[in-house]
Amino acid sequence: LRNKEDHEYENLDYDKFERLKAIEVRYKLRVSKIKEFREFYKSFVEIFTSPHIQSWNFNHTLDLVIHEAYILDNSLGLKCLLEIQKSGNKTWYTPFLLFEELNKNSKNINDFFRLIIRSKYSFISRHEWVVAFLQLVKPEYIQKAHYTELLRSYNELKVYSYFDFRYLDKLTQFDANIYKTILQVFIDKAEQNINVRLDHHFFEKYLDQFQSDLTLPKKAYFICEKIEQHFDHDFKDFLALINLDKKFLLEYLVFIVKDKYALSPREYINFSSVWKLDNAEKLVKSAFDFFGIHKIRFVEGHFGNAFFKNLSAEKKAKPIKFLTTYLKANSRNIQKVDMILDIFRNSFKERYCKAVGDFLKINGSFETFQKLELLNSFFSSSGGVIWADIRAAELGDILTMINKLPQSYQYSKHKLYLKNWITIEKRSAERERQREFMRGDL
């Protein structure tokens with residue numbers, strides 16, 4: 001139907017449209033002899049492998065043709081599959097419709113399995129045929145030979161594969177640890193640099209199969225992270241692992257800092273989902289203690305900000321209380337104080353000056369104050385804004401806050417330090433305005 005005029009189908013719903021297409025394919029591409037199929041398949045492969053026309057949807061057309069041949073003559077349908085195997089299955093085809101057909105006639109299943117699945121031919125997607133077979137065949141028809149063939153096909157795997165675990169319950173009678181067995185195969189293949197992927201939200205769905213030992217799931221998670229950094233974009237798998245093993249957060253931090261030159265909190269904003277957990281404070285504290293020991297380069301703010309992004313207004317109270325408590329408990333550790341102030345400055349800007357004041361009430365040392373990073377080292381704007389003006393204003397807010405502190409005279413050195421810094425920033429802003437005027441920007 002690809003060449004039909006659109007107006008003929010504009011009033012059809014999608015399902016009806018698909019049914020009409022299937023009927024047309026079955027009728028117009030019907031084969032009654034293996035010779036006819038060979039001629040069709042030769043043209044089909046040429047079209048599929050064309051760089052201008054290639055489409056994975058074409059395999060559904062092939063599926064319809066073979067299914068129709070099988071319905072008309074079982075032996076012809078099987079001969080068509082063998083023909084595809086002989087040619088190496090260049091289109092990565094899997095006979096889904098034929099496997100579904102087998103469920104309607106169980107007496108043919110084992111004959112089909114011996115003839116097709118255990119074929120002597122080596123062809124692309126062999127493992128996908130085995131997996132599709134196991135997915136679609138009813139549990140009561142499953143035999144140990146099917147399980148053995150699954151392991152063999154995966155162990156022989158040398159090309160891209162998507163690991164689907166939805167059917168594995170059918171095989172527990174032959175291997176009580178089937179989930180561990182197949183996940184180990186996934187890890188082995190990944191370590192052999194074979195392109196493999198896990199089922200979407202695998203960890204959230206199947207962790208109950210590994211509760212006694214999370215070694216394999218954690219290793220698999222790191223592999224998935226390396227292959228596709230944002231595979232767990234909503235951090236549901238991450239939370240599922242932390243729920244069962246609180247040490248996983250630190251293991252993950254060690255993993256991401258190991259190979260990266262610098263970390264950006266913007267890449268991990270879903271870290272804030274840890275606040276959904278009952279022991280969130282302990283988890284975040286362990287992460288902060290980690291950052292307090294290790295010197296790590298950050299981009300656009302301290303990485304700790306990742307734990308506080310995208311929090312709704314009603315969810316902010318507990319994190320803010322935690323930050324304030326942690327700041328007071330670590331007021332002598334400059335690295336940790338800088339981290340907390342950075343988080344207030346970039347994630348809770350309206351509370352930043354108060355946080356500086358809370359710190360000064362506990363540690364009023366001027367020597368320490370001079371060493372603190374009171375401003376961001378990064379800046380962005382849409383233009384027409386002078387950074388030095390922004391910096392001067394932010395320093396002015398801190399100065400105003402100190403002036404309001406009880407017995408503010410104790411902080412005379414701090415205030416003089418800020419005033420001098422503000423003067424420097426204002427001079428810098430004036431020079432920038434002069435340069436812009438000379439360039440004609442103002």
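Reader: What does E425 touch, not counting residues up to four places away in sequence?

Author: E425 touches A388, R391, A392 and L395. What makes that a touch is contact, meaning heavy atoms within 4.5 Å. E425 itself is found in helix α20, where "helix" stands for a DSSP run of H or I with at least four residues (a strand is a run of E with at least two, and numbering starts at the N terminus).

Reader: Where do these numbers come from?

Author: This is a predicted model, so local features need pLDDT of at least 70 and side-chain atom pairs count only at pLDDT 80 or more, while totals for chains, interfaces and linings use all residues. Residues are numbered from 1 along each chain as its sequence is written, and side-chain values use heavy atoms, with hydrogens and water left out.

Reader: Why is E425 called buried?

Author: Set its value against the cut-offs: buried is under 20% relative accessible area, exposed is over 50%, and partly exposed is in between (1.4 Å probe, protein chains only). E425 comes in at 8%, so it counts as buried.

Reader: Which residues is H67 in contact with, leaving aside its neighbours within four places in sequence?

Author: R26, L97, L98 and E101. H67 belongs to helix α3, residues 58-72, and its relative accessible area of 9% is why it gets the label buried. Look at L97 in that list: H67 and L97 are 30 residues apart in sequence, yet 6.2 Å apart in space from C-alpha to C-alpha.

Reader: What makes F366 and Y417 an aromatic pair, and of which kind?

Author: Rings of Phe, Tyr and Trp (its six-membered ring) pair if their centres lie within 6.5 Å; planes under 30 degrees apart count as stacked, over 60 as edge-to-face and the rest as tilted. A search of the whole structure turns up 57 such pairs. In this one, the centres are 5.8 Å apart and the planes make 80 degrees, which puts it in the edge-to-face class. F366 lies in helix α18 (366-371) and Y417 in helix α20 (412-439), so the pair ties together parts that are 51 residues apart in sequence.

Reader: Which residues of helix α12 are buried, and what covers them?

Author: In α12 (236-244), the buried ones are D237, F238, L239, A240, L241 and I242. Their cover includes α10 (202-206), α11 (215-227), α13 (248-258) and α14 (280-293).

Reader: What about the loops? Is S377 buried or exposed?

Author: S377 has a relative accessible area of 69%, so it is exposed. You'll find S377 in the loop between α18 and α19 (387-403). Its C-alpha atom is 8.1 Å from that of G301, although the two are 76 residues apart along the chain.

S125 is another loop residue, located between α6 and α7. With 4% relative accessibility, S125 counts as buried. S125 also has a positive phi of about 70 degrees although it is not a glycine.

H201 has a positive phi too, about 55 degrees, and it is not a glycine either. H201 sits in the loop between β2 (196-198) and α10, and its 11% makes it count as buried.
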